[in-house]
Amino acid sequence: MENNYLISYLLLIPLAGGVLLLFINKEKENLIRYSGLVISLAAFVLSLIIYFRFDPDNGGFQLTQRISWIENLNISYYVGIDGMSLLLVLLTTFITPLTLLSSWKSIESKVKEFTFFMLMLEVGMLGVFVSLDLFLFYIFWEAMLIPMYFIIGIWGGMQRIYASIKFFIYTMFGSLLMLVAIIWLAVYASTPLGYFSTDLVELYSIGPDVPGTIQAWMFAAFAFSFAIKVPLFPFHTWLPDAHVEAPTAGSVILAGVLLKMGTYGLIRFCLPLFPQASIDFAPAISVLAIIGIIYGALVAMVQTDMKKLVAYSSVSHLGFVVLGIFAMNEESIQGAIIQMVNHGLSTGALFLLVGIIYERTHTREIAEYGGLAKIVPVYCVALMIASLSSIGLPGLNGFIGEFLILTGSFKSAVLDSWWYTVFAATGVIFAAVYLLWMYQRVVFGEVTNPKMNGLKDMDSREHIVLLPIFVFIVWIGIYPGTFLKVSEKSTQKVIEYIHTIQKAEFK
Amino acid sequence: MIDLMYLTIILPLTGFLINGLFGSRIKNEAVIGTIGSGVIGISFIISLLALFETLSLPEEQRQTIINLFTWLNVAGINVSFGYQIDQLSLVMALIVTGVGFIIHVYSIGYMHGDKSFWRFFSYMNLFIFAMMNLILADNFLLLFLGWEGVGLCSYLLIGFWYDRKFEKSTTSDAAKKAFVVNRIGDFGFLLGMFLIYLTFDSLNFSEVFLKANIFNIPEGTFDLIALFLFIGAVGKSAQIPLYVWLPDAMAGPTPVSALIHAATMVTAGVYMVARCSVLFASAPVILLVVAIIGALTAIFAATIGFVQNDIKKVLAYSTVSQLGYMFLALGVGAFSAGIFHVMTHAFFKALLFLGAGSVIHAMHEEQDIQNYGGLKKYMPQTYITFLIAAFAISGIPPLSGFFSKDEILWYSYIHGNFAFWLIGALTALLTAFYMFRLFILTFEGNPRFLRRDSSAGHDKHPHESPKVMTIPLIILAVLSAIGGFIGIPEVFSGDHGNQFHNWLAPIFKDADKKLNFFGMHSHFEEILLMSISVAGAVISILLARHIYLNHPDIAEKTAKRFKGFYNLLWNKYFVDEIYDAAIVNPIVKGSDKVLWKISDNRIIDGLVNATGRLVEAAALQMRKIQTGVAQLYAIVMMLGIVIALFWIILSL
C-alpha cells in the first residue's frame, strides 16, 4: 500500500531524462529537442496511467510511497496524490511538452541547457504537487526556483537579470518564513506525538489543535510564502517583470503551473493544518483577493505591452482562485481547483499566442499592431478563443471556474456577506474590457504598420501546440464533470477540516 | 416532433461548424447560403410541427423537458443541457427560427460579393444556436450560456466589417461597447443567479418557480432577485440607462440589425422577465420599477428618433422605444401582451430593417434620409412593404402592431395607472410621426440624390433589389399585416377571448394569481381609449405628410425656433458624452495614471526595490570592515578575546 512506485517513476522520467540529455553532443540541436519532447511526453503518458489508476471515490492520498530518509528526524521521502494534486500533475505534464514544442524556433542558443532546465523545472513542479512530507515539499519548492532563475536569466529579454534576481529573492524571502514555520510545527508536534515529524498526514491531526496565537503565526508564515507565489495583491510586482522578461516557454510555465503552487499550498497546507486561523484570516485575505481581481484588471487594461497585459490579468484571475479557497465551501473550492487548471490553459494559450506573434515581429507593443485579421486570420481566431476563455464566456472553461467560485463565495458561511461577491463579480466586466480592447487594437482596423504586411500565419507546429489546449478549453466548458469528479472527494475532505472547527465553535 | 426540438439547437451549430471551418474553402456563395439558411429553415419546420403537436395535447401536458446531458454538478448545483418545450418557448422558437430563416435568405442577396460571405453565415448560425439555447433552456445557467452567446455573436457581427469606420470611431469600437455594456447587465444577472441558488438551492426553472410559489420567502429577497435579473434585462434589451450600445450596434450589416438588434436578441430580456414572471410577480415594487423604466425608455427613445437622419439610427431608437413598450407591459403584469408585442415587433421591425437594407443597397451605402426621396418609383416592392410595416408600427388597425400595442396600452390603464397609459399613447403618436417622416423623406417627394450628382462623385441609379431580397420582404409584410389576428382582444372576438393570451395563460397563471388584479372596466372605456390612440396615430401620420411632403420649411423653422431642444435631441441628450466623462475616462485615466504608474510602479514596487537597496546599502557599509589588512583583523580578534575574558571573569 505504502510502496507504489508510479509517482516516483513520474519524477524519475524527466530527472533521469534530463541528466541523460546532457550526454548528447550540443551541436545536435534537433536530437536534443526531440529527446526533450519525447521525455516530457513519456511523463505525460505515465501521468495518464496514474489518472486511470486513481480512485475518485477515495478522498485520501493514493498511490503513496514512503522511504525513510533522515531517520533521526523521522523525515522520509513520502509521496502520493489526491484528486487536487492529480489535476495539477496532469496540468504540469500536459503543459511541459507543449512549451518545449513551442520553443522549437524561439530558443536558438544553448538548446541543451534550455531543455535540461525545462525538464528539471518539471521535476520540481511535480515534486511540489506530490510531496506528502513537509521537508520534502520544501526541497522541491526551493529547487524549482533554480531552473526558473536560469530560464529567465539566460533566455530572457533585455531586463532579464533584474527580473530573475527579483523573482528569486522575492519568492525565496517568503519561503524562508515557511521553513521556520515548518520547523516550528514539527517541533510543536513532537510533544503530542512523542517525536519530531514532518509527515503531512500526521500533522493534519496536530495542526488544528495548535492554540490560537501560535496557529495564527504559523498560518501567516505559510500563507505569506504562498501569497507571494500566487501572487496575491500587494505581493505581485515580481510577476509582471518575470513574465515580460521570461522567454515564452518560461512565461507559460510560470503562469500555467508555477503560480498554482501558491494556491495549491493554501488548500493543501493552510486550510487543513490551521483551520481556525484560516477562518479568522479569511475575510482579510478575501479582501486582498478582491482588490487583486479589480486592481489587476484595471492595471491590465492600461498596459501597452501585450505580455504585461496578460501578466496583470493573472493577478486578477488568481484573485478569483484565492477568493474561492477562502470562501471554504464545496462550490467555491471545487471552483478554485478547476480555475487553477483553467488559468493554466487559457493564460498559457495567451502567452503562447503572444510568443507566436513576437517571434515574427519582435515587438509586443500593442500600438505597433492593428489589422491582423486581414493578414493572419487563423492566428486571430486562436487569439479570440483564448481571450474568450479568459473572459469567462459560458461554454468555455473559464466560466465554470468563475461561476463556481462566485456562487460559493456568495453563500459562504465563513465570509458571511454578499459584498465580497458583488465586488469580485465586477471583475467579469473588466476582463471583457481589457481583453477585448487589446484584441480590437491588435486584430481589427486597418493595417497601419507596414512591418505587419506579409506576416506568416500559424504553421502546423504552432497548430499542434495550441489545438490540445483548445480541446480542453471546450471540454471543461461543456463537460466539466470529468475533471470536477477527480477532485470532488478531496475537496470534501478539506471542507471537513473546516467544519469540525465550526462545529466546535458552536459548542 | 417535440422530442426532436433539440435538433433546432444542433442544426444551427452544425451550420456554424461547416461554414466556419470549411467556408473559406467552399467559396461558392450558393452552397454557403443554402447551408446557412437551410439549417435554420429545417429548424423552423421542426418548431412548427412541434407547435402543432403541442396544440393537439391537453393543456396540462404541454410542457416537455428534453435532457441531453449533465453540464455542471457540484454540491447543490445540478444543471443539464436540458431544454424546456412549452407554450412560451415554442412562441419564441417560432419567432427566432421563422424570422431568422427569412433574414438568412435575404442575406444571401444582401451579402452577395462580400469577401467574408462564409464568415457572415457561420456567425449568423452561431447566433441562432445561442438564441435557441437562451429560449429553450430549462435552467438559469443554460439560459445564461445563450445570453452571453448571443452577446458574443452580436459582438462579432457588429464588428463584422472590422476595417470600416463608423461615425466618429470604428465598427470594432461599437462592437466592444455592445459587449461591455451587456456585460454590465450580465453582472446583475449573475448576482440574480447567485441569490436564486442561495434562496431556492437550485437553478432549474421548474424547481425554482415551484418553490417561489409555495415557500415562505421574505419579499425583500424577491425584490433583490427581481432587481438583479432586471439589470440583466436592461443591458440585453437596451433600456435606460444601458441602452447606449444599441444605436451604435447599427455599425453591423443591416440583416444583423434586423435579426439580432430588432427581432430577436434584444427581446431576450423581455422573454427572461416573462419566463420568471412568478419571481417578478412576487416583487411588486420591482415590477413597478420595470414599468417605469419601460415607459421612460419608450418615450425618451422616441423623442430622439424624431430628429435623426440616419435611416438605421431612426429604426434603432424606434427599437429601443418599442422594447420600452414591452417592459411597460411586463411591468403592469401583462406578460402575454409583452410577448405578443415581441412577436408583432419581430415581424414589422425586421421588415423595416430589411426594407432599409434594400434602400441602402440601392443607394450604394448612403444612409442619410435627407439624401433620399422619391424612391417609390424605383423600388416599388420595397416601397409597399415598408409602408405596411410603417402602418403596423404606428398601430393602424387591423395590422399586427395595432393589436399588440393597444393591448399594452389597455393593460397599462387598467393594471397600472393613467400616467402609464398617457406616456404610452404619447409614444405611439411620436412613433407614427417619426416613422412617416422617415417613410416620406425616403420614398415620397422628389429625389434629392440627383441634384447632388455634380458634387458627390458618381451617379446613383437606385434599383429594386433582387428577388432573394424582395420575397423575404413580402413574406414579412404579410406577417406584419395579419400577424395580429391571433391576438384579437376579447372586446372584438367575444366569448372565446384572446387566443394568444389563452395559449400562454398556463405559463403565467401563478404570476397572475400573485398579482391578483381586480376592478371592472367596461368595453366602452376600452373602445374609447383605442379610438383615441388610433385617431392620434392617424393625425400624426397626416401631420408628418403635411410637413415633410408639402411644407419642408415647417420642419426647418421649428428646428430653428427650438434650437436648444433640437440640439439636445440631435445629440441624443449627450448621454454618451456624459458616460464618457463621468465613468469611462475616469476609470481609464485613473487606472493608467494612478493605479499603474503611481500605485504599482512607484509605491508597491518602489517599496520592494527600496528594501532591496536598503539591504545593499547596509551590505556596502558592512563591507568596509573587511579591509584585508591582517593587522586590523588581529586587533579585532584580540579585542574580542579580551571582552570575552572580561565577561567570563565578571560572570564568575
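In this predicted model, α14(A) passes α16(A) in a left-handed crossing. The two helices, with α16 spanning residues 377–391 of chain A, pack at an angle of about 150° with their axes 9 Å apart. That angle makes α14(A) roughly antiparallel to α16(A), because anything over 145 degrees counts that way. On the α14(A) side, the residues involved are S346(A), T347(A), A349(A), L350(A), L353(A), I356(A) and I357(A), and they meet Y379(A), A382(A), L383(A), A386(A), S389(A) and S390(A) of α16(A). Sorted by class, that contact of α14(A) with α16(A) comes to nine nonpolar, four polar and no charged residues.

Helix α14(A) has another partner to look at. From α14(A), the contact draws on I338(A), N342(A), L345(A), S346(A), G348(A), A349(A), L352(A) and I356(A), while α19(A) supplies E462(A), V465(A), L466(A), I469(A), F472(A), I473(A) and I476(A). What is the class make-up of the contact of α14(A) with α19(A)? It has 11 nonpolar, three polar and one charged residues.

Here are the two pairings side by side.

| α14(A) and α16(A) | about 150° | 9 Å | nine nonpolar, four polar, no charged |

Elsewhere in chain A, helix α6 covers residues 145–155, and its buried residues are P147(A), M148(A), F150(A), I151(A), I152(A) and W155(A). These buried residues of α6(A) pack against α4 (111–130), α7 (160–193), α10 (238–245) and α11 (248–273) of chain A.

On to where the chains touch. The contact takes 40 residues from chain A and 38 residues from chain B. On the chain A side, the elements giving two or more residues are α12 (275–301), α14, α15 (372–375), α17 (397–411), α18 (419–443) and α20 (481–506). Which of them gives the largest share of that side? That would be α18(A), with 11 residues. By class, the side of chain A that touches chain B splits into 25 nonpolar, 10 polar and five charged residues.

Chain B itself has 26 helices and four strands. Its C-alpha atoms fill a box of roughly 120 × 70 × 55 Å along the principal axes. Of its 652 residues, 54% count as buried. Among chain B contacts between residues at least 6 apart in sequence, 80% join residues at least 24 apart.

Two of those strands are worth a visit. β1(B), residues 64–74, and β2(B), residues 77–85, pair in the antiparallel sense over eight bridges. N73(B) stands opposite N78(B) in β2(B). The strands form a hairpin with two residues between them, and A75(B) sits in the turn.

Most residues other than glycine have a negative phi, and most peptide bonds are trans. Is A75(B) buried or exposed? It counts as buried, because 21 C-beta neighbours lie inside 10 Å and the cut-off is 20 or more. In chain A, L63(A) also has a positive phi, near 50°, and its place is in strand β1, residues 62–70. L63(A) is buried too, with 21 other C-beta atoms within 10 Å.

As for cis peptide bonds, one runs from F233(A) to P234(A), with omega near 0°, and P234(A) is found in the loop between α9 (212–229) and α10 of chain A. In chain B, the bond from P397(B) to P398(B) is cis, with omega near 0°. P398(B) lies in the loop between α16 (380–394) and α17 (400–416) of chain B.

Last stop: I598(B), in helix α25 of chain B, residues 575–623. I598(B) counts as partly exposed, because it has 13 C-beta neighbours inside 10 Å. Leaving aside neighbours within four places in sequence, I598(B) is in contact with K593(B) and I603(B). The C-alpha atoms of I598(B) and N502(B) are separated by 64 Å, with the two residues 96 apart along the chain.

Methods
Residues numbered from 1 in each chain as written. Chains lettered and ligands numbered in written order. Predicted model: local features only at pLDDT ≥ 70, side-chain atom pairs only at ≥ 80, totals over all residues. Contact = placed C-beta atoms within 7 Å. Nonpolar A, V, L, I, M, F, W, Y, C, P; charged D, E, K, R; others polar. Pairing = 2+ DSSP bridges. Buried ≥ 20, exposed ≤ 12 C-beta atoms within 10 Å, placed from the backbone. Axes fitted to C-alpha atoms, helices over the stretch in contact; angles between N-to-C directions. Parallel < 35°, antiparallel > 145°, perpendicular 65-115°, else oblique. Left-handed = near helix turned anticlockwise from the far one by under 90°.
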